[in-house]
Amino acid sequence: MRNDPRIAAYVATWGALDCQPWRVRLRTATAVGGYGALHVDGILSYGLVRCALRGAPLAESAEPYDLPLPLRCLWRDPATGLPLWAATDLAPVGLTQTGRQTWTRKQIAPQLLTTSSGKPYAPRSSAGPYKDMQIPLPVRVAEGFMADIWGDARIISDLLQPLLTVGKKGAQGLGQIIAWDLEPLATFHLVDDAGCARRPIPVAALASWDLHAAQMGGWTPPYWRNHTPIAPVGTRVTWPEECAA
Amino acid sequence: MSTATPSRSAIRITPAPRARWLVMGRLLSNLSHGDPDHVTAGNVAPFRRHMQIVPLDTPAAPVTQDDLDRAMAACPVPRAIADYFAALDAPQVLAIALTRLFIAQFAGGQGEGLLSGAERYQRLGDRLRMAASRTLTLPAFWSDLCRSLQVGGQGERTLGLLTLLSMPRVLGQQVLVTLARETETCIVLAREWHETVKRMDAAYAAKANVPQIVPDQETLGYAVETLPPPASSVIRDVPAISGNATRHSLLREPGMRHLLDRLDIAQNDLTWPAVAQLLGNGGSLAKGSAIPPDEIALGEAIARDYPLWELLGGVTAQFVLPGSVGRAVAWMVCRENAAPLAALGITPEHAAEELIDVMTSVHFADPPMPHATEVLVQGAEIAFLFEADPYASDLALGALACALETASAGLVLGGKGVTGHGQVALTLPNDPSFTLYARQYEDYLASRKAHLRAGLLDGTLGTGKGVCRPAEKAGKGKAKTEGLFDAE
């Protein structure tokens with residue numbers, strides 16, 4: 001994994017972690033945009049980068065960064081060292097519905113540009129790199145989103161507080177956060193009562209899984225790395241007891 | 001896995017933006033704001049609507065067994081097709097019955113009326129879904145559907161229709177949910193129901209040369225306990241101003257005009273399309289562009305030099321600038337938005353649909369072409385909320401303030417601006433820091449005017465590299481640079 005000294009320096013300020021099970025409830029004022037589920041560990045990774053780099057961007061890298069999170073690590077991929085964090089996906093609760101919002105990008109006013117002969121010029125709006133665009137984006141409204149985590153609430157609060165939105169197109173007002181509520185939980189369960197995964201889990205970490213349901217996908221930040229066989233959410237799996245601690 | 005006993009307190013985490021400014025807007029003329037997601041859904045171009053949770057403001061009376069029995073008795077199902085309804089619940093059957101009544105009223109006796117043909121049923125489906133998604137009661141739904149299909153109130157006042165329209169509100173809302181989510185199924189079964197009822201008539205069967213169906217109907221029975229419990233809120237499509245339009249009209253476009261004005265750049269001085277695009281709509285990558293190895297450093301330098309792009313982000317011809325630090329959201333001042341508006345100290349008076357009107361324009365051709373558009377009426381209010389990331393710089397906040405000041409001098413929001421639509425009067429925040437940041441930004445632009453001006457005109461954005469120039473390509477034995485407008 002790739003290291004960034006600014007992140008390492010920030011994480012060093014945490015001291016010893018006090019990890020406890022918590023139930024996380026997220027309420028948003030507007031619909032949440034995006035193509036997949038909301039991952040608590042993905043959101044915390046983003047919060048870590050924002051806090052450690054004070055808003056500066058992290059250089060793009062095909063190799064994942066080492067992003068320690070204030071969560072219990074349940075398993076590490078022996079090949080890459082990537083961690084499986086103790087956090088389930090944020091699932092919609094209460095009244096909920098999926099839909100679509102389309103955003104548009106339109107051509108600039110023609111009087112902005114001139115040709116070399118001084119005439120007003122507008123690039124073509126129907127083709128080419130400057131064309132008008134209408135981009136549909138899946139959105140979900142919900143009374144709330146809920147996940148369970150096993151982590152240090154004090155540090156998690158620090159990482160979540162700078163975030164104003166979740167999901168895609170936050171700058172356009174989607175996924176505007178009202179509040180995160182953390183409630184104490186007696187136990188953390190990676191697998192629900194029916195034996196189904198509550199987050200994507202790499203099959204390499206599992207004692208058994210439903211072979212027909214396994215697919216390639218992301219399982220840890222960055223979630224765009226989707227070339228690992230995983231058991232997706234809702235798949236019947238057996239989590240090895242020896243990985244519990 | 002963990003067996004710790006929770007003896008801890010709950011924790012609430014609320015976002016902490018660097019700045020949060022509320023700008024109130026009042027429409028001086030009707031606002032047209034089209035909905036790309038419903039562009040083919042009606043004869044009237046619909047106003048943009050967003051799906052959201054709407055609290056029900058008055059407690060609904062629970063449905064009694066008598067209410068349910070009366071509604072079911074109003075729509076007896078032909079025994080010949082009763083099997084199709086066996087697995088359905090009461091709201092589904094009532095939704096299909098209501099759809100059937102609409103088809104029966106307006107399809108014409110031979111099926112050759114208003115609703116003949118596949119395309120017509122496609123349109124019925126679009127409008128049925130739209131009406132069910134944006135109304136809260138069955139009478140409002142029926143009116144909306146009749147209006148969108150331009151059939152007015154021509155239909156018969158049948159006992160079945162009157163009974164269904166007067167069913168308890170809670171039951172009506174469950175019917176609307178079914179109509180919005182299962183529109184196509186409702187239409188398929190309603191058409192079958194309608195056709196079966198027609199074939200129960202001996203005269204029709206003889207005339208259409210089809211076998212007559214035995215005229216036998218049954219009333220389906222459901223226990224009231226099988227209904228879902230009354231909801232305190234529902235999901236509806238509510239008229240809305242998109243955050244994208246808000247960002248463009250209140251920040252990017254006025255921010256651009258302010259920047260060009262302060263740098264003494266006339267509108268037609270710009271010659272690099274990528275610069276104009278970056279200023280005007282955020283830009284896009286050029287064909288064949290390669291991301292430079294020092295992309296992060298270049299992006300940070302550009303955002304530092306031009307705080308407007310720290311605020312809004314964008315794309316040069318070669319790479320994407322670091323993410324934007326500004327967030328924009330617009331709340332129509334209406335009862336459906338009472339919760340978020342209460343947090344801003346605003347109490348709405350009107351329901352959203354009360355603020356929507358239909359305006360018909362005529363394109364003078366031969367023959368004249370009338371077209372109707374839904375508009376948000378003059379006098380309606382919009383609360384624009386702008387938030388800045390905790391790590392936003394003072395100058396980015398200044399760019400935000402200056403953009404809003406520029407917009408307040410004459411904002412046109414939405415479409416049809418050339419015909420006078422969408423004029424908005426803005427009330428800027430009465431916050432000393434707003435003015436302070438604006439002056440800091442003005443001073444900054446004045447102090448670095450020559451550098452910033454040159455960066456926009458030469459396509460380097462002050463980096464010394466052609467980040468807004470098209471990629472160089474080889475041709476005819478020597479390297480040549482693509483012309484300014486080779487995208488054409």
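Student: Is Ser148(B) buried or exposed?
Tutor: This is a predicted model. Ser148(B) sits in helix α4 (residues 138–148) of chain B. Its relative accessibility is 8%, and the cut-off for buried is under 20%. Ser148(B) therefore counts as buried.

Student: Which backbone oxygen does the side chain of Ser148(B) reach?
Tutor: Leaving out residues up to four places away in sequence, Ser148(B) touches Asn43(B) and Arg127(B). The side chain of Ser148(B) also comes to 3.0 Å from a backbone oxygen, that of Leu145(B).

Student: What area is buried between chain B and chain A?
Tutor: The size of an interface is often expressed as the accessible area lost when the parts come together. Here 64 residues of chain B are in contact with 74 residues of chain A. Carbon and sulfur atoms give 59% of the buried area, which is about 6,100 Å².

Student: Which element of chain B gives the most residues to the side that touches chain A?
Tutor: Between the two chains, 20 residue pairs are in polar contact. Elements giving two or more residues to that side of chain B include β4 (49–55), α9 (243–262) and α10 (273–281). With 6 residues, the element that gives the most is α10(B).

Student: Which residue of chain B meets Arg100(A) in a salt bridge?
Tutor: The rule finds 3 salt bridges across the interface of chain B and chain A. In one of them, the side chain of Arg100(A) lies 2.9 Å, N to O, from that of Asp37(B).

Student: What is omega for the cis peptide bond that joins Asp366(B) and Pro367(B)?
Tutor: Most peptide bonds are trans. Pro367(B) is in the loop between β9 (356–363) and β10 (369–376) of chain B. The bond joining Asp366(B) to Pro367(B) is cis, with omega about 0 degrees.

Student: Is Leu461(B) buried or exposed?
Tutor: Leu461(B) is not a glycine, yet has a positive phi of about 55 degrees. Leu461(B) lies in the loop between α16 (449–458) and β14 (472–475) of chain B. Its relative accessible area is 0%, so Leu461(B) is buried.

Student: Is Asn209(B) buried or exposed?
Tutor: Asn209(B) also has a positive phi, of about 60 degrees, without being a glycine. Asn209(B) is in the loop between α8 (202–208) and β6 (217–218) of chain B. Because its relative accessible area is 70%, Asn209(B) is exposed.

Definitions and conventions: Residues numbered from 1 in each chain as written. Chains lettered and ligands numbered in written order. Predicted model: local features only at pLDDT ≥ 70, side-chain atom pairs only at ≥ 80, totals over all residues. Heavy atoms only, no water. Contact = heavy atoms within 4.5 Å. Buried area = accessible area lost by both parts, 1.4 Å probe. Salt bridge = Lys/Arg side-chain N within 4 Å of Asp/Glu carboxyl O. Polar contact = N/O pair within 3.5 Å; in protein donor to acceptor, adjacent residues only side chain to side chain. Helix = DSSP H or I, 4+ residues; strand = E, 2+ residues; numbered from the N terminus. Buried < 20%, exposed > 50% of the residue type's maximum accessible area, 1.4 Å probe, protein only.
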